[in-house]
Amino acid sequence: PAFAANASIFTLAEVVSNSTNYTAPYTQVLSSVLDYPLYAAAISAFTSPSSSLASLASQMSTSQHSYQLGAFASGIFTESLTTPRLPSLTSDPSLIANALAWSFGQDGIPILYNGQEQGFSGGSPPANTEALWLSGLNPQGLYTQLVTSLNLARKAARASSAAFHNTTTSILSLSSSPQTLILSKPPLLTLLTNGGNSSTPSWNVSSSLTSYAPNTQLVDVLSCRTAVAGHDGSVQVTSEGGKPMVLLPKEALGASGSLACGGQGQELGRVDVKSGTAGRIGIGMREWA
């Protein structure tokens with residue numbers, strides 16, 4: 001602590017344990033730790049449709065209440081130097097996309113492991129230390145556009161709301177068949193599932209759980225499709241192929257709206273309201289495979 005204080009630096013340590021009771025005390029003498037307990041829960045949740053998202057939600061709450069700074073400073077990751085690559089644990093790109101969206105949609109600091117955006121699939125160390133240059137540093141890498149969109153969405157949320165990084169992420173609801181999870185960190189709404197690429201998940205977020213004004217225009221930054229909140233601010237959306245959705249008010253994207261949709265500069269798309277009910281739409285997601 002004396003070193004950190006005199007150097008005026010932020011300190012983050014790798015404490016390899018799946019027990020929050022073991023990792024949390026380190027945050028009394030360090031700024032933060034890599035959240036290995038939350039990593040373990042996420043890997044379990046997003047590598048099989050039969051896994052429980054409830055366990056992930058429970059561990060997320062534990063992290064928020066255990067660390068000295070809550071979960072705000074913890075390092076959130078799905079791959080690291082000491083863990084297998086996520087694609088070595090599941091071949092389903094939708095599950096991997098949901099895992100990445102989860103790591104960017106909550107309180108902690110999202111950490112991307114070298115080569116993760118290229119879709120490297122090495123197993124346990126040292127197989128997970130593939131040379132990045134062998135990928136050709138492809139800007140169209142398997143998950144590069146997805147990560148770009150998630151990162152820009154997080155920046156847009158921060159630019160739109162000064163309280164973004166100080167607002168605790170809320171777990172709004174869990175449901176089954178397929179399993180879905182809703183994370184709210186206003187103005188960001190992250191909609192997750194572990195149903196896999198054969199599922200068609202839906203999310204119904206009541207007006208009491210959203211921060212959106214009635215009829216707010218929303219953009220899913222992962223597909224560049226638009227939706228409209230209901231007359232009471234509620235949100236009802238459906239995804240195809242088990243893909244996640246990350247919603248932001250269109251006004252929050254501002255001039256960078258096209259960049260937050262995959263970094264391709266494309267215009268924001270539109271989705272027709274097929275049911276005749278405001279706020280209920282079906283969204284076709286861009287493929288990442």
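## Strands β9 and β10

In this predicted model, Leu218 has Ala227 of strand β10 as its bridge partner. This pair belongs to an antiparallel arrangement in which strand β9, residues 217-220, is joined to β10 by four bridges.

## The open sheet

Strands β9 and β10 are part of an open sheet of six strands, whose order is β5-β6-β7-β12-β9-β10 and whose pairing is antiparallel. Because β5 (170-175) and β10 (225-228) stand at the edges and each has a single partner strand, one side of each is left without a neighbour in the sheet. Between neighbouring strands of this sheet the average turn is 25 degrees, when direction is ignored.

Helix α6, which spans residues 144-160, packs on the sheet and touches β7 (188-193) as well as β12 (245-249). The direction of α6 makes about 30 degrees with that of β12.

## Packing of α5 against α6

Helix α6 also packs with helix α5 (residues 93-104), at an angle of about 20 degrees and with the two axes 10 Å apart. Since angles under 35 degrees count as roughly parallel, α5 is therefore described as roughly parallel to α6. The crossing of these two helices, α5 and α6, is right-handed.

On the α5 side the contact is made by Ala97, Leu100, Ala101 and Phe104, which meet Leu146, Val147, Leu150, Asn151 and Arg154 in α6.

Key: Residues numbered from 1 in each chain as written. Predicted model: local features only at pLDDT ≥ 70, side-chain atom pairs only at ≥ 80, totals over all residues. Heavy atoms only, no water. Pairing = 2+ DSSP bridges. Axes fitted to C-alpha atoms, helices over the stretch in contact; angles between N-to-C directions. Contact = heavy atoms within 4.5 Å. Parallel < 35°, antiparallel > 145°, perpendicular 65-115°, else oblique. Left-handed = near helix turned anticlockwise from the far one by under 90°.
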